[in-house]
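Reader: I'd like to learn how to read a structure like this one. Could we go through it feature by feature?

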Amino acid sequence: MSNRSSSSKNSSQDTKATNSAVVWTVRGLVAVAAVVLLFLAWQEYQVKQAFSSTNEAWQAALRSSGENTDLTKSQLKAIPAKGNPLVASEKAGTNTVGAVDVETFTWKGRLRSYSVKVHYGLGQDPSVELIEVVEK
């Protein structure tokens, strides 16, 4: 009889040890998943901040240039883009008023991309005709 009670005590302790190990494994996996999600959210926030601050600075420069003077491409390039956007140049489409060339600046995050299109007119140092945020 004493063998039965000691074996039931041992199996009870083994079950508790196994349950404890499973609980700590699950807690560890949840903690790792939380850290990964926080890291991804932080990276996405950094990309969005770079996009937003660059767009705001460029829009402010375009507004401050006034009605009588134009913001030129060289003046816009003097305001650096934050982060590391990908830049693509192309000819403007038929629906753009006065614009000949378009540069697209794209900030790529893990979850989303943010883009700004800058439309330029004619000339050696063309004027900025439009700064447009592209939703993706």
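Author: Let's start with rings. Rings of Phe, Tyr and Trp (its six-membered ring) pair if their centres lie within 6.5 Å; planes under 30 degrees apart count as stacked, over 60 as edge-to-face, and the rest as tilted. The structure holds 4 aromatic pairs by that rule.

Reader: Before we go on, what sort of model is this, and how are residues numbered?

Author: The model is predicted: local features need pLDDT of at least 70 and side-chain atom pairs count only at pLDDT 80 or more, while totals for chains, interfaces and linings use all residues. Residues are numbered from 1 along each chain as its sequence is written, and side-chain values use heavy atoms, with hydrogens and water left out.

Reader: Back to the rings, then. How is the pair of Phe51 and Trp107 arranged?

Author: In general, a pair of aromatic rings is described by the distance of the centres and the angle of the planes. Phe51 and Trp107 are edge-to-face, with 5.7 Å centre to centre and 65 degrees between the planes. Phe51 lies in helix H1 and Trp107 in strand E2, so this pair ties together parts that are 56 residues apart in sequence. Ring pairs also bring in Tyr114, giving a cluster of Phe51, Trp107 and Tyr114.

Reader: Are Phe51 and Trp107 buried or exposed?

Author: Buried means under 20% relative accessible area, exposed over 50%, and partly exposed in between (1.4 Å probe, protein chains only). Phe51 is buried at 9%, and Trp107 is buried too, at 2%. Across the chain, 26% of the 136 residues count as buried.

Reader: You mentioned a helix and a strand. How many of each are there in the chain?

Author: Helices (H or I, at least four residues) and strands (E, at least two) are DSSP runs, numbered from the N terminus. The chain has 2 helices and 4 strands, and from the N terminus on, the elements run α-α-β-β-β-β.

Reader: How do I read the strand order in the sheet?

Author: Look for pairing: two strands pair if DSSP finds at least two bridges between them. Here the 4 strands make an open sheet in the order E1-E2-E3-E4, with antiparallel pairing. Strand E1 (86-91) and strand E4 (128-134) are the edge strands, each pairing on one side only.

Reader: What joins E2 to E3?

Author: Strand E2 (residues 101-108) and strand E3 (residues 113-120) run antiparallel and are joined by 8 bridges. A hairpin takes the chain from E2 to E3 through 4 residues.

Reader: Why is E3 largely enclosed?

Author: Of the 8 residues of E3, 7 are buried, so the rest of the structure largely encloses this strand.

Reader: Which residues touch the most other members of the largest nonpolar core?

Author: The general idea first: in soluble globular proteins, nonpolar side chains tend to be buried together. A nonpolar core is a set of buried Ala, Val, Leu, Ile, Met, Phe, Trp, Tyr and Cys residues joined through side-chain atoms within 4.5 Å. The largest one here has 15 residues, and those touching the most other members are Trp58, Leu76, Trp107, Val116, Val118, Val128 and Ile131. Helix H1 (2-64), E2, E3 and E4 each give two or more residues to this core, and H1 provides the largest share, 5 residues.

Reader: What is Leu76 in contact with?

Author: Contact means heavy atoms within 4.5 Å. Leaving aside neighbours within four places in sequence, Leu76 is in contact with Trp58, Leu71, Val118, Tyr120, Val128 and Ile131.

Reader: And where is Pro126 found?

Author: Pro126 is in the loop between E3 and E4, and at 7% relative accessibility this proline counts as buried. Not counting residues up to four places away in sequence, Pro126 touches Leu71, Thr72, Lys73, Tyr120 and Gly121. Pro126 and Asp70 are 56 residues apart in sequence, yet 9.1 Å apart in space, C-alpha to C-alpha.

Reader: Is Gln46 buried or partly exposed?

Author: Gln46, found in helix H1, is partly exposed, with a relative accessible area of 37%.
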